[in-house]
Amino acid sequence: MWLTRLLRRHHEAVKFLVVGGVCFLVTTAVNYALKLTVLHEKPVTALVFATIVSTILSYVLNREWSFRSRGGRERHHEAALFFGVSAIGVAINAIPLGISRYVLMLEVPEVTRAVQEIADFVSGNIAGTLLAMAFRLWAFKRFVFPQPDAHPRPGHSSGPRSQLITHEPAQAHNPDGTQPEA
């Protein structure tokens, strides 16, 4: 069916979105835990810290599941690129919240506490996350894990020999073209 074909064709993106969903939940939980306790006066700092925590989780999950067959770089180089791209993603993620709070002034006492929290969630957790996720997917595939099938999955063969299908067992021949006697 068309959905199955679409999922197989974009399996890395689907896995990336699942990892993103898990990390979104972690980011949201850590963000609100900090924002409602020790960092209630610093919502951007709380979001940045929460995003850094989930970025570490994201590296492990993306490396070992989403992009496990990709590679092309040594692990330390790959990790440095991953966290460099993710640092840019953290900044992208914080921009909408910064605009909401400090440009549009959607904070108490200018607005009610409920409006402030809704604006924070929509700008930081929804808009920021979507922008950063789109950037990360592109950058991870382009720079961090650039070579598809660099690490073939177990039981998965890629390359020209995987396209050959042999229906009969190979038979040995003598140099003169006759079959050897059994």
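In which kind of crossing does helix 3 pass helix 4? In this predicted model, the crossing turns out to be right-handed. Two packed helices are described by the angle between their axes and the distance between the axes. For helix 3, which covers residues 43-66, and helix 4, which covers residues 75-103, that angle is about 150° and the axes sit 9 Å apart.

Helix 2 passes helix 3 in a right-handed crossing. The contact of helix 2 with helix 3 is built from 17 nonpolar residues, along with seven polar and three charged ones.

Helix 4 has 29 residues, which at 1.5 Å a residue should span 42 Å; its end C-alpha atoms are 41 Å apart, so the two values agree. Even so, helix 4 bends by about 30° at Leu-97. What about helix 5, and how far apart are its end C-alpha atoms? Helix 5 runs over residues 113-144 and has 32 residues, yet its ends are only 41 Å apart, short of the 46 Å that a straight helix would reach at 1.5 Å a residue. A bend of about 30° shows up in helix 5 at Gly-128.

Most residues other than glycine have a negative phi, and most peptide bonds are trans. Met-105 is located in the loop between helix 4 and helix 5. That loop also holds Pro-109, and the peptide bond leading from Val-108 to Pro-109 is cis, with omega near 10°.

Finally, there are the aromatic rings. How many aromatic pairs does the structure hold? The count is nine. A pair of aromatic rings is described by the distance of the centres and the angle of the planes. One of the pairs joins Phe-16 and Phe-140, whose rings are 6.0 Å apart centre to centre with 80° between the planes, an edge-to-face arrangement. Phe-16 belongs to helix 2 and Phe-140 to helix 5, so this pair ties together parts that are 124 residues apart in sequence.

Technical notes
Residues numbered from 1 in each chain as written. Predicted model: local features only at pLDDT ≥ 70, side-chain atom pairs only at ≥ 80, totals over all residues. Heavy atoms only, no water. Axes fitted to C-alpha atoms, helices over the stretch in contact; angles between N-to-C directions. Helix = DSSP H or I, 4+ residues; strand = E, 2+ residues; numbered from the N terminus. Left-handed = near helix turned anticlockwise from the far one by under 90°. Nonpolar A, V, L, I, M, F, W, Y, C, P; charged D, E, K, R; others polar. Expected span 1.5 Å × (residues − 1). Bend = angle between axes of the 7 residues up to and from the residue. Phe/Tyr/Trp six-rings, centres within 6.5 Å; stacked < 30°, edge-to-face > 60°.
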